[in-house]
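Dear colleague,

I am handing over the structure below, and I would be glad if you could look through it alongside my notes.

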Amino acid sequence: MAHDCIFCRIVAGEIPAQVVHDDDRALVFRDVNPQAPTHLLVIPKRHVASADHLTREDEGLAGHLLLAAGEAARSLGLAGDGYRIVTNIGRNGGQTVSHLHLHVLGGRSLGWPPG
Ligand code: AMP
């Protein structure tokens, strides 16, 4: 655990979150500043700085996170109208929290391309 990492602290239970899914490797919780009617964050419990820091050894974890995102979206009724899974990487990608997270956004029509 990285003690200065806000998402590690959520995993450790030191900071509250609205958790919608919790398993051995992943946590899914609601974004505190939602950009859509449903806005979830899917994170690995282990600290990984971004998707760019995943290695071949993380193949299973990467698949697990993607599947957890889809399962959470489906369980919250987003699948019918569609939704978006996106991950920001680094400064140009707009990443503000340096712990890998997949955003799951749904409940409204989303613009493309992103700004
Ligand atoms: P990014 O800009 O892609 O790094 O996304 C970070 C996201 O984390 C933003 O959408 C924030 O609103 C969200 N966030 C930051 N702190 C918290 C928190 N304590 N609980 C839930 N979401 C958070």
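What follows is an account of the ligand site, then of an aromatic pair and a peptide bond.

Please keep in mind that this is a predicted model, in which local features need pLDDT of at least 70 and side-chain atom pairs count only at pLDDT 80 or more, while totals for chains, interfaces and linings use all residues. Residues are numbered from 1 along each chain as its sequence is written, and side-chain values use heavy atoms, with hydrogens and water left out.

The ligand is surrounded by 16 residues, the closest being Asp31, Asn88, Thr96, His101 and His103 (a residue counts here if one of its heavy atoms lies within 4 Å of the ligand). By class, this shell comprises 7 nonpolar, 7 polar and 2 charged residues (Ala, Val, Leu, Ile, Met, Phe, Trp, Tyr, Cys and Pro count as nonpolar, Asp, Glu, Lys and Arg as charged, and the others, Gly among them, as polar). Helix H1 (6-11) and strand S2 (26-30) are the elements that give two or more residues to the shell, and H1 gives the most, with 3 residues (helices, H or I with at least four residues, and strands, E with at least two, are DSSP runs numbered from the N terminus).

An oxygen atom of the ligand lies 2.8 Å from a polar side-chain atom of asparagine 88, and a ligand oxygen is 2.6 Å from a polar backbone atom of threonine 96.

The structure holds 1 aromatic pair (rings of Phe, Tyr and Trp, the last by its six-membered ring, pair if their centres lie within 6.5 Å; planes under 30 degrees apart count as stacked, over 60 as edge-to-face and the rest as tilted). The ring centres of phenylalanine 7 and phenylalanine 29 are 5.5 Å apart and the planes stand at 80 degrees, so the pair is edge-to-face. Phenylalanine 7 belongs to helix H1 and phenylalanine 29 to strand S2, 22 residues apart, and the pair thus links distant parts of the chain.

Finally, tryptophan 112 and proline 113 are joined by a cis peptide bond, with omega about 5 degrees.

Best regards

Key
A polar contact is a pair of N or O atoms within 3.5 Å; within protein, one must be able to donate a hydrogen and the other to accept it, and residues adjacent in sequence count only if both atoms are side-chain atoms.
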